[in-house]
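Work through the exercises below with the coordinates open. Each task is followed by its solution in steps.

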Amino acid sequence: MLTRRDVLLGAGGAMLAARPLFAATQTLTAADVHVTDYPTVEAVRWMGQMLERETQGRLAIHVYHSGQLGREGDTVDLARFGALDLTRVNLAALNNAFPLTQVLSLPYVFDSTGHMRRAVDGPVGAEILAGFAARDLVGLAFYDSGARCFYNTRRAIHEPQDLKGLRIRVPPSDMFIGLVRSLGANPTPLSYGEVFSALQTRLIDGAENNCRSFHSSRQFEVARHWADSAHSYSPEALLMSKRRFLGLAPADQELVRETARLSVPYMRALWDKAEAESRAAVQKAGVEITSVDRAAFEAAAAPLRNSYLAAPALARLHRAIREVA
Ligand code: GTR
């Protein structure tokens with residue numbers, strides 16, 4: 001007997017051929033700040049193809065990539081109010097409004113990408129996804145975002161004190177602002193789309209992000225010093241408007257959840273390849289990559305991390321995260 005997974009992964013093609021003539025397509029709109037071939041964009045598109053197959057074309061997804069629908073925070077609000085169906089954002093954009101997400105963004109809670117994946121695939125991830133319902137959203141999936149590292153236009157970074165005085169862009173999250181401040185730099189919150197020109201005009205000296213973003217946003221052309229600080233693995237979230245979700249038939253709701261779940265391994269395979277390619281490409285383009293004194297970075301970030309872990313709910317989730325290290 002075919003499982004639903006078999007259907008989604010292949011046999012659905014036959015159903016597409018049998019599409020009834022008059023089925024109207026409901027196209028879910030999705031937002032992403034990344035470029036069209038970024039793994040998150042491709043994963044949501046893939047999910048849309050699976051939905052189309054499984055519903056014989058009744059449900060589809062159109063991804064507005066490259067920030068066409070605005071800043072991440074704005075897309076989250078649009079989805080909450082039902083004006084947008086899906087948005088893919090980093091948890092950094094959700095840290096202030098959804099405090100449980102902070103535990104996944106905090107510095108040095110994960111030892112590796114594998115560790116982050118185990119945590120979000122287990123009860124910790126499930127609890128945080130469920131928490132989005134409190135504010136009109138349905139948490140569908142977590143995607144990878146690699147290791148966030150510091151980069152800048154000025155100098156090589158080895159120790160936290162090398163960051164001293166640098167104006168470092170951060171996403172709009174109090175936690176990231178506090179982190180950069182505790183490392184001795186001057187945090188400058190800006191939206192993702194503003195970072196490239198802010199580097200170019202010297203409004204900021206640097207930023208922190210994963211290597212794929214550093215590459216695909218072309219920030220590497222201006223910021224020539226990259227330091228492997230790996231201070232955060234803050235993952236991405238795929239969220240759906242609760243209003244829109246509840247407007248779907250129960251079977252379609254389940255299908256949306258399932259196709260989102262299945263898009264995760266698809267995304268991870270793309271991610272591993274993309275991250276490695278970007279690292280090689282920026283290196284080839286002459287970016288200087290340095291290793292850092294990880295113990296010194298961890299020690300400098302520890303007071304900030306501990307201050308967040310004073311919240312019992314975060315401490316509990318943090319313990320569960322460390323158990324799967
Ligand atoms: C990227 C993430 C984006 C965005 C960006 C940022 O890693 O994929 O969604 O949040 O970081 O720093 O604004």
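The model is predicted: local features need pLDDT of at least 70, side-chain atom pairs count only at pLDDT 80 or more, and totals for chains, interfaces and linings use all residues. Residues are numbered from 1 along each chain as its sequence is written, and side-chain values use heavy atoms, with hydrogens and water left out.

**Exercise 1. Describe the shell around the ligand and its polar contacts.**

Step 1. List pairs of N or O atoms within 3.5 Å, the cut-off for a polar contact. A ligand oxygen lies 2.6 Å from a side-chain N or O atom of His 34. For Arg 169, the distance from a ligand oxygen to a side-chain N or O atom is 2.7 Å. The side chain of Asn 209 has an N or O atom 2.6 Å from an oxygen of the ligand.

Step 2. The ligand taken alone exposes 320 Å², of which the protein buries 99%.

**Exercise 2. Which pocket does the ligand take, and what lines the largest pocket?**

Step 1. Search a 1 Å grid over the protein atoms alone; a pocket is an open set of points where a 1.4 Å probe fits, with protein on both sides within 12 Å along at least five of seven lines, and lining residues have an atom within 4 Å of a point.

Step 2. The ligand takes the space of the largest pocket (more than half of its atoms lie within 2 Å of the grid points).

Step 3. The volume of the largest pocket is about 690 Å³. Its lining has 42 residues, with Val 33, Glu 72, Arg 169, Ser 191 and Tyr 192 nearest the centre.

Step 4. Assign the lining to elements, which are DSSP runs (helices H or I, at least four residues; strands E, at least two). α3 gives the most, six residues.

**Exercise 3. Characterise the second largest pocket.**

Step 1. The volume of the second largest pocket is about 390 Å³.

Step 2. β4 gives the most to this lining, with six residues.

Step 3. By class, the lining has 15 nonpolar, three polar and five charged residues.

Notes
A polar contact is a pair of N or O atoms within 3.5 Å; within protein, one must be able to donate a hydrogen and the other to accept it, and residues adjacent in sequence count only if both atoms are side-chain atoms. Accessible areas come from the Shrake-Rupley method with a 1.4 Å probe; for residues, only the protein chains shown count as cover. Grid points are joined across faces, edges and corners, and a volume is the space filled by probe spheres set on the points. Ala, Val, Leu, Ile, Met, Phe, Trp, Tyr, Cys and Pro count as nonpolar, Asp, Glu, Lys and Arg as charged, and the others, Gly among them, as polar.
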